[in-house]
Structure formats: C-alpha cells, structure tokens
Amino acid sequence: MSDFHTSAEDTHLDGTILKARLINPDGEHQDAAINLDDILGNNEGTFAWGGSDFSGSAEDIRFDFEGEDNHPGLRARLFNSEGEAVDAVVNLAERLGSRDGGFYFE
C-alpha cells in the first residue's frame, strides 16, 4: 500500500471527506479528496473497510496523525446495536493510497 500521507500536504478531514494535496505524475501537488463514507462502515462499534456510511452511526469524528510512524488515524465514537458508543480508530494507510495525484482504495 502506498503511504499517501508521507508525501501529502495539507491532509485534513472536512466532514467525512478526506482532503489532501497529493503528488501527480509531474511531481507536483494537486488537490485530491475521497469520501470515507463510501469505503468505511460501522460493524458493532468498529470501523469496517468496504462498508459504507459509518458516519450515520457515529459522533465525534476526527482525524489526526498518530503514533511513532505518524500514520493517518480516523477516530470516532461508533454506536453498536445496543446503542452504546464505542471509541474506534482505523489507520487509513491500511487501505488508502495515492496514485497519479488522487486517492485510491485497495
């Protein structure tokens, strides 16, 4: 997987849209965006890759770089079927990469 975050600029979350300036084939940064609701779901209070609409059962959604490796972490309180809010985190670099100046999901 491409470590999109290591060469990206201005990476931030706008609602559920992850935005960044990613490197295109000419070596220049260009604006890119991906809706995380299109690729992440909620499975009983944990993020689920390949799902959708995690934000429909979430609160306190936030993004930051975390850990010693400075990986891109998405955090939220996701509700399970019992209505309990569960603290959840996912490393976006697990399945997101950059190619030709845009995001891709693997």
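In this predicted model, an open sheet is built from three strands in the order E1-E2-E3, and their pairing is antiparallel. Strand E1 (9-14) and strand E3 (29-35) form the edges, each of them pairing on one side only. On average, neighbouring strands of this sheet are turned by 20° against each other when direction is ignored. Strand E1 is joined to strand E2 (residues 17-23) by four bridges, and the two strands run antiparallel; within this arrangement, glutamate 9 stands opposite arginine 21, a residue of E2.

The largest nonpolar core has 23 residues, and those touching the most other members are Leu18, Leu36, Leu40, Phe47 and Leu92. Two or more residues of this core come from each of E2, E3, strand E5 (46-49), strand E6 (58-66), strand E7 (71-79) and strand E8 (85-91). For leucine 92, once neighbours within four places in sequence are left aside, the contacts are Phe4, Leu18, Leu36, Leu40, Trp49, Phe63, Pro72 and Leu74.

Glycine 73 has its place in strand E7. With a relative accessible area of 1%, glycine 73 falls under the 20% limit and is therefore buried. Not counting residues up to four places away in sequence, glycine 73 touches Arg62, Phe63, Asp64, Glu66 and Val90. Glycine 97 lies 24 residues from glycine 73 in sequence, and the C-alpha to C-alpha separation of the two is 14 Å.

A search of the whole structure for aromatic pairs finds three, among them the two set out here.

| Aromatic pair | Centre to centre | Angle between planes | Geometry |
|---|---|---|---|
| Phenylalanine 47 and phenylalanine 54 | 5.4 Å | 65° | edge-to-face |
| Tryptophan 49 and phenylalanine 105 | 5.7 Å | 25° | stacked |

The pair of phenylalanine 47 and phenylalanine 54 counts as edge-to-face because its planes stand at 65°, and the class requires an angle over 60 degrees. Both phenylalanine 47 and phenylalanine 54 are buried.

Conventions
Residues are numbered from 1 along each chain as its sequence is written. This is a predicted model: local features need pLDDT of at least 70, side-chain atom pairs count only at pLDDT 80 or more; totals for chains, interfaces and linings use all residues. Side-chain values use heavy atoms; hydrogens and water are left out. Two strands pair if DSSP finds at least two bridges between them. Axes are lines fitted to C-alpha atoms, for helices over the stretch in contact, and angles run from 0 to 180 degrees between N-to-C directions. A nonpolar core is a set of buried Ala, Val, Leu, Ile, Met, Phe, Trp, Tyr and Cys residues joined through side-chain atoms within 4.5 Å. Buried means under 20% relative accessible area, exposed over 50%, partly exposed in between (1.4 Å probe, protein chains only). Contact means heavy atoms within 4.5 Å. Rings of Phe, Tyr and Trp (its six-membered ring) pair if their centres lie within 6.5 Å; planes under 30 degrees apart count as stacked, over 60 as edge-to-face and the rest as tilted.
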